[in-house]
Amino acid sequence: MAFLRNTWYVAARSGEVGRQCLARKILGEPVMLYRTAAGQPVALLDRCPHRLLPLSMGTLQGDAIECGYHGLTFDSTGQCIRAPGQERVPLGTAVRVYPVAEHMGMVWIWPGDPALADRSKLFDQLPQWANARGPNPQWALLEGPLTYVKSNYLLLSENLVDPAHVVYVHKRSLGSPAMANIPIETSQQGDTLLVSRWTPNAPASPILQRYGKWAGNVDRWQYYWMYPPHIAVVDFGAGLPGMDRSNAGRDAAIRLFTAHFMTPETATTTHYFWFVLRNFALGDRAVASDLIEQVTMTFMEDKAILEAIEDAEVEPFVTSRVKLAVDAGSVRLRHTVEQMISEEEALRTSGRTRAAVT
Amino acid sequence: MAFLRNTWYVAARSGEVGRQCLARKILGEPVMLYRTAAGQPVALLDRCPHRLLPLSMGTLQGDAIECGYHGLTFDSTGQCIRAPGQERVPLGTAVRVYPVAEHMGMVWIWPGDPALADRSKLFDQLPQWANARGPNPQWALLEGPLTYVKSNYLLLSENLVDPAHVVYVHKRSLGSPAMANIPIETSQQGDTLLVSRWTPNAPASPILQRYGKWAGNVDRWQYYWMYPPHIAVVDFGAGLPGMDRSNAGRDAAIRLFTAHFMTPETATTTHYFWFVLRNFALGDRAVASDLIEQVTMTFMEDKAILEAIEDAEVEPFVTSRVKLAVDAGSVRLRHTVEQMISEEEALRTSGRTRAAVT
Amino acid sequence: MAFLRNTWYVAARSGEVGRQCLARKILGEPVMLYRTAAGQPVALLDRCPHRLLPLSMGTLQGDAIECGYHGLTFDSTGQCIRAPGQERVPLGTAVRVYPVAEHMGMVWIWPGDPALADRSKLFDQLPQWANARGPNPQWALLEGPLTYVKSNYLLLSENLVDPAHVVYVHKRSLGSPAMANIPIETSQQGDTLLVSRWTPNAPASPILQRYGKWAGNVDRWQYYWMYPPHIAVVDFGAGLPGMDRSNAGRDAAIRLFTAHFMTPETATTTHYFWFVLRNFALGDRAVASDLIEQVTMTFMEDKAILEAIEDAEVEPFVTSRVKLAVDAGSVRLRHTVEQMISEEEALRTSGRTRAAVT
């Protein structure tokens, strides 16, 4: 399976990367992450080119990594700077280094052409994250536990342009029967997809009702923003019927964002990083603890479904797959990802780059 | 590996199939079983044709099953009756349904051509089972625990036309040294095999002696009835030396039947359903509990042997296999099964059916 | 992967082989070991040629093994001597027997041509072992636990002609920074390799200091003797600076031998047998217990490294491997082993044997 390579992927939470080695497989490649004494994250291919020992089994010596077998030592640019037992390092001895960036509390790596790595391409569509970290926040941030999903990352992405599943998968939390037959709107701007639905004048879903405690019906929204192939933001919430549906109107209601970063470990497994932002009960620890529990439970419901599908895809037993109206987001997503990958492939072959063309 | 498809296989004990979904792989295919509100068992291919989620992860809605991902709903004939988010169900949306029958306390499925499924072909060679369930039973029934065997089902069938193994595998229960050199008689009528042996005037085997408590020697019988490829009944017991060897004579002695239903899960694993009938100590709970323990222990001895052979067959390390006189039953069994399967294959190819020919 | 076949491999510790069957895979083949009533070890292919059941699941009957399925019985030369249910054993029924020898407290098998098996080719380069078992020992013997390593055996052998790794892998026990840049001497006599290093006038390594308790610096030696492909002896120790470096001089200092016997289980796993001899604190149980713990901990450090390398070799991710000066021993070892194997192959093809040529 082909992955898009010239893009930033989350490799780890910032707090995971420190003065010890962290080994993590990304896009099928063994990567090792650490931080220099000055705090700069570093990502190297996790293989010593001498005997193939994972460098993550070695020892940090200042900002360099010393292999745990024979002491071959590489600096944070991947150059070999010491070969014990001989005076000179063999010419050209180096380990692959990945461009790396720290952003939104996470360490990102660029598995594609290093010449194209560009901090300006880092995901930056969620100003509420910075607000939550700022001095006078209107938003509170909750980081979910790092979630390991035994499915292809696109099954997760697909799930996140698919409001239709909520009624069936998340009965106890996000779903409410009223939604089931409300049509879903799908639109696309450049590569970005938006799939959305308003459910007017109906009971709130269980998770919203927990915090909104409305006496009667509400208007409820779901906006699924997808930045293919691997990042999604869901904007959802509820307010009194007839509420102002603008951004400001939603800010005045009970509103949440969930942000989702899917990093392929392999073609069939995914490192899933996510967090939640809310605009209510900002300093309330009981709400925070209850909310993260609710959302985690909800995502575990998705995980169970997607892992079962990943297993089933090995041998489908179904000769012709049914297509439904609710697949609009999925169809666009998969088509967009295929296009991005084949465009990348074409530009690599032609020696030019996407960046150079656009 | 080819399986015979146009025959009934036990899919589950009746008690396993109810108003929840039961997922079970049969002949390599994922099947899901449930029961309608009226009590009728249903077997469907365990895959939603939309995204391949196992239907068994969904929810029963009356007699229909609603997929756990997007709510696609199928009735008990496999027809799709609801597709949320759209008014009409896409034409032809259906899931494969297996012919199913309930019989002898078990739910059976027919994995072959549904047009050929015929209740009259259900196994019906053991009237003692119905007697045990009737008003004035002369027989008592004990169901063994569902046994999962990591070997091809034919290794189990082969084991059940093979009285010769009893002396070596079941030393502590069924075997007795006197048997070892008594010749085995093998005969065949149609597809049915009978392999049998009388061991006259010798000590009873440990398991029979437990219940018969004879002071001296006994005449002992073993009749192995095999209904290829996957059903066997063993008629065994003992009486005083010189006993009447007819059916009536055996009924007057200590007599047991074990019935064995081997359902391939895959080419290398088997769902093994079995029960025991006895004609002594009918209402005695202590005997019942002791007997089921003894027989279970005995079958676990077979399981250990057959699983080791399944493993060994992957890489035999033996260039030429030895054939023995005791293989007569096995040779006939394997030949019969091959013939049944190639006959089925030929009739499928020619567009005619075995039933149509005979 | 090809193995050298015409050589003795350790199959088990003597104490493991008794009047029960021991099953062990060696060079990818299933072997079963037992001892006759007279105490002679026997090694047979662990497969009954009838149905392939491992013979080790059978029962010893005197010096013969009775198969656990149908009682086919083989004597200690592998000949079938009984086939229950028939008067005569089918002509030529036999199981493969491996030449076997007991030596140095271990049972060895010869997986190659039995005609070439020769007790004079058993490893016999460590007279200290016999001394430790004799009446007036100057040496004390400690057997390590049987160690199962999930790597190819040559990664272990390679590790044992490689003093350079000690500084990095065994920091806490055998290593000392002073060694790191001392050149290593490599020589070869016939197939035998010697890789060695003296580290003069430096602090003792932690494990030696534990027992030597020197006030100041020491001269330290490491002699790695390798008998390809699978046996190694390490002679190491320390004495006062300027010590006599001869064999007698080393005997007068703190001296240890570790002996290593690598038996391939498969191409990626190894049965690793080892023991330690020391010339100090001979009757001291506390030293014995401390020493075996230290050495075991040290070898576990190697095991972790080698298993990680075995895993990494499946998909190297490194296009060009670096060669270092410290690889001299490894290069000679691998070259010698390749030569031995291709020589064996050539002689087998030509119908002659290595023994006949040399």
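1. Let's start with A11(B). Leaving aside residues up to four places away in sequence, A11(B) touches R24(B), I26(B), V31(B), L33(B), A43(B), V107(B), W108(B), I109(B) and T263(B). Keep in mind that this is a predicted model.

2. As background, nonpolar side chains tend to be buried together in soluble globular proteins.

3. Now look at where chain A meets chain B. Here 22 residues of chain A are in contact with 21 residues of chain B. On the chain A side, α3 (166-169) and α6 (285-314) each supply at least two residues. Which of the elements gives the most to this side? That would be α6(A), with five residues.

4. What kinds of residues does chain A bring to chain B? The side of chain A that touches chain B splits into 17 nonpolar, two polar and three charged residues.

5. Next, turn to chain C and chain A. This contact takes 22 residues from chain C and 21 from chain A. In chain C, the elements giving two or more residues to the side that touches chain A are α3 (166-169) and α6 (285-314). The largest share of that side comes from α6(C), which gives five residues.

6. Sort the side of chain C that touches chain A by class, and you get 17 nonpolar, two polar and three charged residues.

Methods:
Residues numbered from 1 in each chain as written. Chains lettered and ligands numbered in written order. Predicted model: local features only at pLDDT ≥ 70, side-chain atom pairs only at ≥ 80, totals over all residues. Contact = placed C-beta atoms within 7 Å. Helix = DSSP H or I, 4+ residues; strand = E, 2+ residues; numbered from the N terminus. Nonpolar A, V, L, I, M, F, W, Y, C, P; charged D, E, K, R; others polar.
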